[in-house]
Amino acid sequence: CGVLLQEPSKGSTVHQGFPSVSSGARRSTSCSFLLLRAFTMAKHSVRAILAILSAVFSWISTILNALMLFGATSRSDTPIPLYGEDPRTLDYVTLEYYYRWFRTQTPVTISVYLFGALAHASIAYVVLVLQRVFKHYKDGSTDLPKFMTACFFIGAILPSVQFLTSVGFDTMATNISAWSVMQNSTNPLPLQSLFIAHELVRTSMVYLWVVQFLFVPTGLILAAVMTFETELLPRGHGVFGIITAIFGYLVFIMSIVMYNVESLIPGIILGVALLLYGFILAPIWAIWLGAILARLKKRGQAERKNRT
């Protein structure tokens, strides 16, 4: 895929260390060159380091999620439950097998939530810097930068809350499901009660996870709008942000559909959209943004030095 990095014009002005960038003089570069530039810029900028970390955490979370979805993290004696073996029937054999499988997946699930939360937290500071850039360029004439930052910060808080909830409740549910009273097939009520309580809490956890894909894409759209208005960042970055946001909204919609409709199709669409969003689009957007902001900071410092 090709991307554009803008070169600041020689006569550009500086806003708090960030030069404005003209819409001309653009240089086309490949994704590999972008990554190389981002790692080079990371030596000089915290924001570039955090952008790279956000991408790495997103990759880890997405890979673990995909491995769990396809059963690669399941043990040979407890493969992933087949579609149609619905524990909501409250059949003891199904529930017992479900919790045997669940106990093997809890560490993986918590890891998925952890790295997802770290990915969002890492990019939050980078977005805060982006807000400062847009705010000074627009001279405070619009509240869009604040709304953009609010969307990203809400999107960062929700996965953190979900992770903490998962650590507490999933770990406790895992321990309780192994109690001897839960292994009595003649009295399935304890295991049935655990599952009902588990489903009540899990529903809130699912929606906590889903809503982030409503707020973060909205932040991406707002960042793209301000990019087009100010021409401070490469226009290609704004377009890429809109594409990323579309897949984020698709994850949001398909997650709601899959949770309420018993069909494989929404799950397949969700898996593809989540893979594209979490493993490809969002990490590239973050690394690209970190590289751009690092270049702007470096150019601003050079211009201040030349004036003195």
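## Salt bridges, cores and a greasy patch

Glu96 pairs up with Arg100 in a salt bridge, with the closest N and O atoms 3.1 Å apart. The term salt bridge here means a side-chain nitrogen of Lys or Arg within 4 Å of a carboxyl oxygen of Asp or Glu. Before going on, note that this is a predicted model, where local features need pLDDT of at least 70, side-chain atom pairs count only at pLDDT 80 or more, and totals for chains, interfaces and linings use all residues. Residues are numbered from 1 along each chain as its sequence is written, and side-chain values use heavy atoms, with hydrogens and water left out.

Back to the charges. The structure holds 2 salt bridges, and the other one joins the side chains of Glu199 and Arg202. Side chains of opposite charge can pair when their charged atoms come close. Here they are next to each other:

| Salt bridge | N to O distance |
|---|---|
| Glu96 – Arg100 | 3.1 Å |
| Glu199 – Arg202 | 2.9 Å |

Glu96 and Arg100 both sit in helix 3, 4 residues apart, or about one turn of the helix. Glu199 and Arg202 are 3 residues apart in helix 5, so about one helical turn separates them. As for cover, Glu199 is buried at a relative accessible area of 16%, while Arg202 is partly exposed at 28%. Arg100 is partly exposed too, with a relative accessible area of 28%. Buried means under 20% relative accessible area, exposed over 50%, and partly exposed in between (1.4 Å probe, protein chains only).

Now the overall layout. The protein has 7 helices and 4 strands, and from the N terminus on the elements run β-β-β-β-α-α-α-α-α-α-α. Helices (H or I, at least four residues) and strands (E, at least two) are DSSP runs, numbered from the N terminus. Of the 308 residues, 46% are buried. Among contacts (heavy atoms within 4.5 Å) with a separation of 6 or more, 77% link residues 24 or more positions apart.

What about the inside? The largest nonpolar core has 39 residues, of which Leu130, Met148, Trp285 and Leu293 touch the most other members. Helix 3 (92–138), helix 4 (144–177), helix 5 (189–230), helix 6 (235–260) and helix 7 (264–307) each supply at least two residues of this core, and helix 7 gives the most, with 13 residues. Apart from it lies another core, of 12 residues, including Tyr99, Ala173, Ile176 and Phe195. A nonpolar core is a set of buried Ala, Val, Leu, Ile, Met, Phe, Trp, Tyr and Cys residues joined through side-chain atoms within 4.5 Å.

Leaving aside its neighbours within four places in sequence, Met148 is in contact with Val127, Leu130, Gln131, Phe134, Gly219, Leu222, Ala223 and Met226.

Ile63, Leu67, Leu275, Phe279 and Ile280 make a nonpolar surface patch of about 380 Å². Helix 2 (46–69) and helix 7 are the elements that give two or more residues to the patch, with helix 7 giving the most at 3 residues. Ile63 belongs to helix 2 and is partly exposed, at a relative accessible area of 40%. Patches are made of residues with over 30% relative accessible area and no salt bridge: like charges are joined within 9 Å, nonpolar side chains (Val, Leu, Ile, Met, Phe, Trp, Tyr) within 5 Å.

Terms used
Areas by Shrake-Rupley, 256 points an atom, 1.4 Å probe, with all protein chains shown as cover.
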